[in-house]
Amino acid sequence: MGPRKRRLSSSQIIILGFAAVILMGSLLLMLPFSTQNGQGATFADAIFTATSAVCVTGLIVHDTATYWSAFGQAVIILLIQIGGMGVITVAVALTKISGRKISLKQRSTMQEAISAPKVGGIVKLTAFIIKMTIIFELIGAMLMAPTFCKEFGILKGIWYSIFHSISAFCNAGFDLMGCKMQYSSLTYFIDHPIINCVIMSLIIIGGIGFVTWDDIKINKLHFRKYRIQSKVVLVTTAALICFPAIYFFFFEFSDMPMQDRIWGSLFQAVTPRTAGFNTVDLTLLSETGIAIMMILMVVGGSPGSTAGGMKTTTLAVMLSNAVSVFRHREHTHFFGRRIDASVLRNAATLMTMYLVLFLGGGFIISRIEEIPLLTSLFETASAIGTVGLSLGITPELGSISRGILIVLMYFGRVGALTLIFAATSGNHCITSRLPQEKLTVG
């Protein structure tokens with residue numbers, strides 16, 4: 001018999017799926033009618049924009065409202081929707097709609113893509129994800145429509161409502177406010193309660209993860225019945241919103257009117273996780289404020305969500321492990337449950353890889369572009385966290401620096417462990433042990 005045909009692993013399918021959608025989106029954005037000048041985008045600009053959209057980042061080299069045509073904007077929001085829900089989720093949904101049977105391989109890939117606890121019931125969970133995504137985005141669009149229709153007219157207002165609802169829910173950060181002032185994001189609506197509440201709610205709902213939605217649907221408000229992952233996600237998310245908001249309120253926006261100060265503090269605490277909208281001029285923040293936003297961007301959202309980044313559970317596991325060390329405990333605990341050692345190893349690997357890429361990319365861009373290190377680190381944190389916030393340097397970066405940001409955006413969306421598993425697929429696990437020796441650290 002000849003050699004057996006090598007099959008792609010679930011991780012490899014996810015990676016190649018995202019790459020294929022990015023390439024397809026790039027080709028569409030290069031068409032003449034994708035831009036308002038009728039010339040089409042260059043390949044460099046198209047692939048950067050497509051990567052940013054599919055990886056739900058929001059970093060841009062051209063203002064979305066003034067550079068891209070209605071067709072180009074439609075392509076971008078479609079890429080955002082696919083990237084936010086996940087390429088595999090969309091593929092499984094299309095397979096189901098076509099009437100074909102979902103194979104065990106597809107179910108396994110879907111489980112990995114959305115960080116589901118088990119393969120059983122994965123198709124039902126996929127249907128739930130799609131249904132809830134449509135419902136949340138429609139509600140968001142309907143709530144914002146009166147404001148946008150009053151501001152931009154009926155047709156344009158409806159389109160803006162749909163675009164920003166999808167962009168917020170998918171944690172993408174693309175906006176169409178360039179019609180008022182280029183690269184202004186949502187600064188025009190800093191004190192608008194409806195726009196602030198809707199956008200923040202969509203960001204949080206999209207960023208807590210599909211499995212957490214399922215837990216809330218099943219167990220309602222009975223927190224004790226939630227899975228350990230849902231508990232950790234919700235508590236960590238709440239902490240990462242409340243504490244930064246308090247800091248911004250007292251130390252960054254103290255000279256603003258009280259209403260602007262409250263909304264601005266809340267919004268800037270929510271948006272780094274990993275949405276990319278902003279309602280204040282980020283260049284006015286102190287270095288401390290910028291550093292706090294960078295930390296929030298690198299952490300990102302939660303597993304199996306529309307958000308990218310290192311993930312809230314990774315941070316929670318590492319902090320809990322530190323507490324265990326301080327208390328001389330052998331194991332890491334959450335809510336009366338012991339966490340497996342393999343989870344701790346994965347979390348340590350993820351944090352190390354994200355920090356190395358975030359810092360390494362920032363150092364290289366700072367050296368190449370000859371810009372302040374803090375400014376370049378902000379851009380790399382935004383890229384690897386798939387956030388999209390910027391201090392305004394992205395459109396001016398050279399091709400090498402843009403290439404670095406593309407790699408970081410892609411890495412941040414598909415996930416570090418997915419890339420590791422894809423690269424090491426087929427390698428056998430080594431069960432033998434080497435002699436042990438004690439090493440002093442600290």
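Visitor: Let us begin with a helix. Which residues are buried in α10?

Guide: A residue counts as buried when its relative accessible area is under 20%. In this predicted model, the buried residues of α10 are Phe-210, Val-211, Thr-212, Trp-213, Asp-214, Asp-215 and Asn-219. The helix spans residues 210–219 and is mostly covered, with seven of its 10 residues buried.

Visitor: What covers the buried residues of α10?

Guide: The cover includes α4 (70–85), α7 (122–152), α8, α9 and α11 (228–252). Just after α10 comes Lys-220, with a positive phi of about 55°.

Visitor: How many helices and strands does the protein have, and what share of its residues counts as buried?

Guide: There are 18 helices and two strands. The protein has 442 residues, of which 53% count as buried. As for contacts with a separation of 6 or more, 68% of them join residues 24 or more positions apart.

Visitor: How is the packing of two helices read? At what angle do α9 and α12 pack?

Guide: One reads the angle together with the distance between the axes. Helix α9 (residues 193–207) and helix α12 (residues 258–270) pack at about 15°, and their axes are 10 Å apart. Angles under 35 degrees count as roughly parallel, and α9 and α12 are therefore roughly parallel to each other. Their crossing is left-handed.

Visitor: Which residues of α9 and α12 meet?

Guide: From α9 come Pro-193, Asn-196, Cys-197, Ile-199, Met-200, Ile-203 and Ile-204; from α12 come Gln-259, Trp-263, Leu-266, Phe-267 and Val-270. By class, this contact of α9 with α12 holds 10 nonpolar residues, two polar and no charged.

Visitor: Are α14 and α15 roughly parallel or roughly perpendicular to each other?

Guide: Again the angle decides the matter. Helix α14 (residues 312–326) and helix α15 (residues 341–369) pack at about 115°, with axes 9 Å apart. The range for roughly perpendicular is 65 to 115 degrees, and α14 and α15 therefore belong to that class. The crossing of α14 and α15 is left-handed. On the α14 side the contact is made by Thr-314, Val-317, Met-318 and Asn-321, and on the α15 side by Val-343, Leu-344, Ala-347, Ala-348, Leu-350 and Met-351. These residues of α14 and α15 divide into eight nonpolar, two polar and no charged.

Visitor: Let us turn to a single helix. How many residues does α17 have, and how far does it reach?

Guide: The span of a helix can be set beside the length expected for its number of residues. Helix α17 (residues 399–414) has 16 residues and reaches 23 Å from its first C-alpha to its last, close to the 22 Å expected at 1.5 Å a residue.

Visitor: Why is α17 said to be largely enclosed by the rest of the structure?

Guide: The reason is burial: 12 of the 16 residues of α17 are buried, so the helix is largely enclosed. Among them are Ser-401, Arg-402, Ile-404, Tyr-410 and Arg-413. Gly-415 follows α17 and has a positive phi, near 95°.

Visitor: What is the general idea in reading phi?

Guide: Most residues other than glycine have a negative phi. Lys-311 is not a glycine, yet its phi is positive, near 95°. Lys-311 lies in the loop between α13 (287–299) and α14, and it counts as buried at 14% relative accessibility. Apart from neighbours within four places in sequence, Lys-311 is in contact with Val-299, Gly-301, Ser-302 and Pro-303.

Visitor: What is the phi of Thr-386, and where is this residue found?

Guide: Thr-386 has a positive phi of about 50°, although it is not a glycine. Its place is the loop between α16 (373–384) and α17. Thr-386 is buried, with a relative accessible area of 0%.

Visitor: One more loop residue, if I may. Where is Ser-184, and is it buried or exposed?

Guide: Ser-184 is in the loop between α8 (154–169) and α9. With a relative accessible area of 7%, Ser-184 is buried. Leaving aside neighbours within four places in sequence, Ser-184 is in contact with Met-177 and Asn-278. Ser-184 and Asn-278 are 94 residues apart in sequence, and their C-alpha atoms are 8.2 Å apart in space.

Note on methods
Residues numbered from 1 in each chain as written. Predicted model: local features only at pLDDT ≥ 70, side-chain atom pairs only at ≥ 80, totals over all residues. Heavy atoms only, no water. Axes fitted to C-alpha atoms, helices over the stretch in contact; angles between N-to-C directions. Helix = DSSP H or I, 4+ residues; strand = E, 2+ residues; numbered from the N terminus. Parallel < 35°, antiparallel > 145°, perpendicular 65-115°, else oblique. Left-handed = near helix turned anticlockwise from the far one by under 90°. Contact = heavy atoms within 4.5 Å. Nonpolar A, V, L, I, M, F, W, Y, C, P; charged D, E, K, R; others polar. Expected span 1.5 Å × (residues − 1). Buried < 20%, exposed > 50% of the residue type's maximum accessible area, 1.4 Å probe, protein only.
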